[in-house]
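Open the model in a viewer and keep the selection tool at hand. The stops below are taken one after another.

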Amino acid sequence: MTETGNPPREAESVLYRTTIHWVALLGPVMLFVIGGVSVRSRLVAALVMMGLAVIWGIFSIHNPRASEFAVHASKLTIRIGVPLRHFYEFPYSQLAGAEFSQPALGVILNFGKIMLIQSTGEVIVFRMVAKPNELVERLRREIIRFRQENEPGPADSGT
């Protein structure tokens, strides 16, 4: 499902939202700088490198705006990618948990990767996520709340 494709079945309010971090722009910037430094020694290779950096940068500029990690009451939705968009929907009944990790620079700039652990044991990783600690904390709370509301407890067992 994409924004221009199938409309959402029902409008469920977003409890928490984040996106791809702006640090995703550092890759194209570094490629452009390396190309600029090497212009004198290898002109053609440097121009190709700088051209690729510009193209990569154009897509990278739109990626944070076009991407979204949204925590809803019953599911996590992820919309990511430019120009090829991907839409993921994870109902809480299919998620066993979530983790995050941040490199040293990620701690300073508040970005990192999140790992979604599915009930099957499969782990799905998303990188360069802004505020991964807040996203995972909110997601864990919603998964726990969802399970408490939807799984029968000891009082419901009919004893």
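Begin with Lys-131: Lys-131 is partly exposed, because its relative accessible area is 38%, and that class lies between buried (under 20%) and exposed (over 50%), with a 1.4 Å probe and protein chains only. Its place is the loop between strand S7 (123-130) and helix H4 (132-150). Helices (H or I, at least four residues) and strands (E, at least two) are DSSP runs, numbered from the N terminus. Lys-131 is not a glycine, yet its phi is positive, at about 50°. Most residues other than glycine have a negative phi.

Before moving on, note that this is a predicted model, in which local features need pLDDT of at least 70 and side-chain atom pairs count only at pLDDT 80 or more, while totals for chains, interfaces and linings use all residues. Residues are numbered from 1 along each chain as its sequence is written, and side-chain values use heavy atoms, with hydrogens and water left out.

**Second stop: Asn-110**

Select Asn-110, in the loop between helix H3 (104-109) and strand S6 (111-118). Asn-110 also has a positive phi, of about 65°, and is not a glycine. Its relative accessible area is 24%, so Asn-110 counts as partly exposed.

How many aromatic pairs does a search of the whole structure find? The search finds four. Rings of Phe, Tyr and Trp (its six-membered ring) pair if their centres lie within 6.5 Å; planes under 30 degrees apart count as stacked, over 60 as edge-to-face and the rest as tilted.

Select Tyr-88 and Phe-126, an edge-to-face pair with 5.3 Å from centre to centre and 70° between the planes. Tyr-88 sits in strand S4 (residues 86-91) and Phe-126 in strand S7, so this pair links parts of the chain that are distant, 38 residues apart. Tyr-88 is partly exposed, with a relative accessible area of 30%, whereas Phe-126 is buried at 7%.

Next, select Tyr-92 and Phe-146, whose ring centres are 5.9 Å apart and whose planes stand at 70°, so this pair is edge-to-face. The pair links distant parts of the chain, 54 residues apart: Tyr-92 is in the loop between S4 and strand S5 (95-101), and Phe-146 is in helix H4. Is each of these two residues buried or exposed? Tyr-92 is buried, with a relative accessible area of 1%, and Phe-146 is buried, with 17%.

Select Leu-43, Val-44, Leu-47, Val-48 and Leu-52, which make a nonpolar surface patch of about 490 Å². Like charges are joined within 9 Å, and nonpolar side chains (Val, Leu, Ile, Met, Phe, Trp, Tyr) within 5 Å. Leu-43 belongs to helix H2 (residues 43-66) and is partly exposed, because its relative accessibility is 48%.

**Last stop: the whole protein**

Clear the selection and show the whole chain. The protein has four helices and seven strands, in the order β-α-α-β-β-β-β-α-β-β-α from the N terminus on. Of its 159 residues, 34% are buried.

Terms used
Patch = residues over 30% accessible without salt bridge, like charges linked within 9 Å, V, L, I, M, F, W, Y side chains within 5 Å. Areas by Shrake-Rupley, 256 points an atom, 1.4 Å probe, with all protein chains shown as cover. Salt bridge = Lys/Arg side-chain N within 4 Å of Asp/Glu carboxyl O.
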